[in-house]
Amino acid sequence: MEEDGAVTVYSGSAITDTKKNSFSIKVGIAQMLRGGAIAEVTTVNQAKIAESAGVCCLVVSEPKGPGISRMPDPSLIKEIKQAVALPVMAKARVGHFVEAQILEAIGVDYIDESEILALADEDHFVNKHNFRAPFVCGCRDLGEALRRVREGAAMVRTQGDLSGTGSIVDTVHNVRKVMGDIRILSNMDDDEVFTFSKKIGAPYDIVAQTKQMGRLPVVHFAAGGIVTPADAALMMQLGCDGVFVGSDIFNCSDPYKKVRAIVQAVRNYNDPHILAAASSGLEEAMGGLNLNENRVERFVSDENY
């Protein structure tokens with residue numbers, strides 16, 4: 001393993017096909033999104049709003065509806081690419097390498113192998129080294145993140161609840177778990193890394209590199225329940241490089257103002273005065289109760305004592 005960090009994880013001939021971007025190039029392309037917010041959009045109008053609000057990238061997805069969730073319509077992706085000047089990402093089902101081939105053929109900048117869509121293959125992920133476009137993959141712990149990097153993911157997304165409830169609790173839990181395991185790994189004796197790699201089910205060379213760097217070897221975003229500027233700043237202060245924002249954020253009277261506030265929060269996450277200004281005058285981020293019965297503490301009335 002060389003000394004250049006993340007961009008030298010892979011140096012074998014297996015991924016040196018000149019027709020494909022090397023892993024180091026794809027990691028570098030993904031690093032261009034650091035410090036930004038990525039917005040999920042389902043229409044050209046939403047894409048234009050997100051662009052004007054300052055997001056760094058767009059994720060194109062199909063409108064939510066009943067039935068199997070699949071890759072978005074290629075014609076929609078082409079329309080959005082023609083309408084905006086931002087990098088465009090699109091979702092493919094886990095293990096569905098043909099959907100990924102189609103997305104690459106129509107010129108998307110990034111491919112999101114998304115667990116929120118219906119699974120195409122329960123046992124295998126796409127071999128991302130076979131593609132020129134950088135891949136984004138989700139994770140919920142450090143072992144899963146590093147396994148996706150071994151498969152060729154140039155960006156990792158630590159995710160929580162992606163169902164659109166607006167609850168951030170799972171995202172916070174998973175981000176803290178990833179960051180906590182990295183801190184444990186960083187303070188570990190070199191002789192203990194072998195056992196730690198086996199415990200989390202990740203390749204030793206990438207685990208060793210993570211220890212050396214003190215962070216994930218690729219760009220690390222957070223997703224799930226991020227609907228307010230405070231949510232976005234929380235993820236950044238916990239150590240993420242950026243955030244994904246779901247399309248539900250456009251379901252309000254002034255979506256530009258809300259998206260812009262989150263972009264400002266990501267850029268100024270350590271300044272509470274700017275965060276206070278960004279959070280002012282926004283509608284209720286999500287309607288309804290975000291906690292289920294198991295998370296609600298029940299209080300007994302004083303009349304019963």
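**Overall fold and buried sites of the predicted model**

In the protein chain, residues 24 or more positions apart account for 62% of the contacts with a separation of 6 or more. The model described here is predicted. Eleven helices and eight strands make up the secondary structure of the protein chain. Of its 305 residues, 50% count as buried.

In soluble globular proteins, nonpolar side chains tend to be buried together. In this model, the largest nonpolar core has 50 residues, and those with the most contacts inside it are Leu-58, Ile-80, Leu-103 and Met-235. Helix H10, spanning residues 255-267, supplies the largest share of this core, with five residues. A second, separate core contains 35 residues, among them Leu-146, Met-155, Ile-206 and Ala-223. With neighbours within four places in sequence set aside, Leu-103 is in contact with Met-71, Ile-77, Ala-90, Lys-91, Ala-92, Val-108 and Ile-111.

Lys-91 is also the position that UniProt, in an unreviewed entry, lists under "active site". Lys-91 is part of strand S3, which covers residues 88-93. Its relative accessible area is 8%, under the 20% limit, and Lys-91 therefore counts as buried. The side chain of Lys-91 forms a polar contact of 3.3 Å with the side chain of Glu-40. Beyond residues up to four places away in sequence, Lys-91 touches Glu-40, Val-59, Val-60, Ser-61, Met-71, Pro-72, Leu-103, Asp-112, Ser-114, Ile-116 and Leu-117.

Two helices were examined as a packed pair. Helix H5 (residues 142-151) and helix H8 (residues 204-213) pack at an angle of about 115 degrees, and their axes are 10 Å apart. The crossing of H5 and H8 is right-handed. On the H5 side, the contact is made by Leu-146, Val-149 and Arg-150, and on the H8 side by Asp-205, Ile-206, Val-207 and Thr-210. Leu-146 and Ile-206 are also included in the second core. Buried residues in H8 are Ile-206, Val-207, Ala-208, Gln-209, Thr-210 and Lys-211. The elements that cover the buried residues of H8 include H5, helix H6 (169-186) and helix H7 (193-200). Just after H8, Gly-214 adopts a positive phi of about 75 degrees.

Two further buried residues lie in strands. His-220 belongs to strand S7, residues 219-223. With a relative accessible area of 2%, under the 20% limit, His-220 is classed as buried. A polar contact of 2.6 Å joins the side chains of His-220 and Thr-158. Leaving out residues up to four places away in sequence, His-220 touches Val-156, Thr-158, Val-178, Met-179, Arg-215, Cys-240, Asp-241 and Gly-242.

Cys-139 is located in strand S5, residues 135-139. Cys-139 has 0% relative accessibility and so counts as buried. Not counting residues up to four places away in sequence, Cys-139 touches Glu-144, Ala-145, Val-156, Arg-157, Thr-158 and Gln-159. The C-alpha atoms of Cys-139 and Ala-222 are separated by 9.5 Å, although the two residues are 83 residues apart along the chain.

Key
Residues numbered from 1 in each chain as written. Predicted model: local features only at pLDDT ≥ 70, side-chain atom pairs only at ≥ 80, totals over all residues. Heavy atoms only, no water. UniProt positions renumbered as here; feature names shortened; annotations may be inferred. Helix = DSSP H or I, 4+ residues; strand = E, 2+ residues; numbered from the N terminus. Buried < 20%, exposed > 50% of the residue type's maximum accessible area, 1.4 Å probe, protein only. Contact = heavy atoms within 4.5 Å. Polar contact = N/O pair within 3.5 Å; in protein donor to acceptor, adjacent residues only side chain to side chain. Core = buried A, V, L, I, M, F, W, Y, C linked by side-chain atoms within 4.5 Å. Axes fitted to C-alpha atoms, helices over the stretch in contact; angles between N-to-C directions. Left-handed = near helix turned anticlockwise from the far one by under 90°.
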